[in-house]
Amino acid sequence: MKFTWKKNVSHAIMLCTTILSATIFALVFSACEFGSPLYLYGGTSVDSRSRKIKNLQGADIPQIEGNPAKYSFVILTDAHFGTEKVERRENEFLQKLDSLLQGELPPRFIVNLGDTLNAGRESEADLFNAASQSWHEKAAEKGAAGFKVYSILGNHDLYNGGWRFWEEKIWPCFSYYKFFVNASSGGNGFWFYFLDSANGTLGASQLEDLEKNLAADAGAKIVFCHYPVFDEQNGQYHFALGDTMERNKLLAIFARHNVKWVFTGHTHNYGEHDFGKFVEVIVPSYVFKKRFALVTVDEASGKVEYKIMEY
C-alpha cells in the first residue's frame, strides 16, 4: 500500500509538471506576436504618458463651417492594422465613407478609439496612416476642409513597446486631450474628452486631473475611452476597467459633471448602458465586425444620437 501511494503521488506530480510546462509553453508561444507577457506594455505606464490633459485649439480642432445646427462624425475602434486573422476591407469602408460625405449631414471628422495597431509595430502604424490618408483625401474631394482623425491608445497599441511609434506617427501623438466645438451660434457647444485607458486603468494622476477639468469646463461633454467603464457579460467584467473603485468613482464623476455620452471599444461587440445622466456605448470592432458608429450632434437642442453602421 505504501508503494502504491508513493507511486500515485509520483504520477500526480509528473502530470502536474507536464500540464504546467505545456501551459507555460502555450503562453510564451502565443505571446510571440505581442511580446513577452512580462513586457506587453513596453515598460510604459499611464502616469508616464497622461498626467495632464492637452487642450487642442485652433487648426487642431474640427473645422465646422457654415454655422450648422447639426453636424456628424464617425467613430471606429479596434482596427488592428497588421492582423492576419480576418480579411480587411478598407476599400469597402472608403466607399461607405464616400457615401456619407455626399449625404445631407456629412461627417466632419473621425474618432478612433484604439487598438489601432495589432502588435504595436511600426509597420502597423504605417498601414494605419496610409488608410487614414485615404480618408483625408476622400473628405477633401467632397469639400470637407480640415478633416481630421482623432486617435487614442488601446492596449494592443502598447505591445512590443509600441508607444514610441504612436507618439511619433499617430496624430495627435498623445492620448489624453480635449477640445471644444461650438459650431452653431444658436447652440451651447460640446466638450470632447479623450482618455488614456490603454493599461486598463486611468491611473491616479489622470483621474484627478480629469475631475478638475470636467468641473472647470462648463457645458455638456462627450467622452471617448478604449476600455469600457462598465461592461457586464454573463456576470463577468473582464473587458471593463479592472479596478472597481476607480470604475465607480469614474461613473460618479461623469454623472456630476454633465457628461452626456461615453463611447468605448475593446470588447469588439456592441453594447449600451444607460446610467440615467449619461449613456455608455460600446462600439463594435471596425475590422472584426466591419462596423462603426455615426454620431449626430444637434447643438440647438443639445441632443446627441448615434447609429451603428456596416460596411
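1. Aromatic pairs: a search of the whole structure turns up 32 of them, counting rings of Phe, Tyr and Trp (its six-membered ring) whose centres lie within 6.5 Å. Take Tyr177 and Phe194: their ring centres sit 4.4 Å apart with planes at 10 degrees, so this pair is stacked (planes under 30 degrees apart; over 60 is edge-to-face and the rest tilted). Tyr177 belongs to strand β5 (residues 177-181) and Phe194 to strand β6 (residues 190-194), so the pair links parts 17 residues apart in sequence. Strands here are DSSP runs of E, at least two residues, and helices are runs of H or I, at least four, numbered from the N terminus. Both Tyr177 and Phe194 are buried, meaning under 20% relative accessible area, with exposed over 50% and partly exposed in between (1.4 Å probe, protein chains only).

2. A note on what you're looking at: this is a predicted model, where local features need pLDDT of at least 70, side-chain atom pairs count only at pLDDT 80 or more, and totals for chains, interfaces and linings use all residues. Residues are numbered from 1 along each chain as its sequence is written, and side-chain values use heavy atoms, leaving out hydrogens and water.

3. Cysteines: the whole-structure search finds 0 disulfides (a pair of cysteine sulfur atoms within 2.5 Å). Cys225 is buried at 1% relative accessible area, while Cys173 is partly exposed at 24%.
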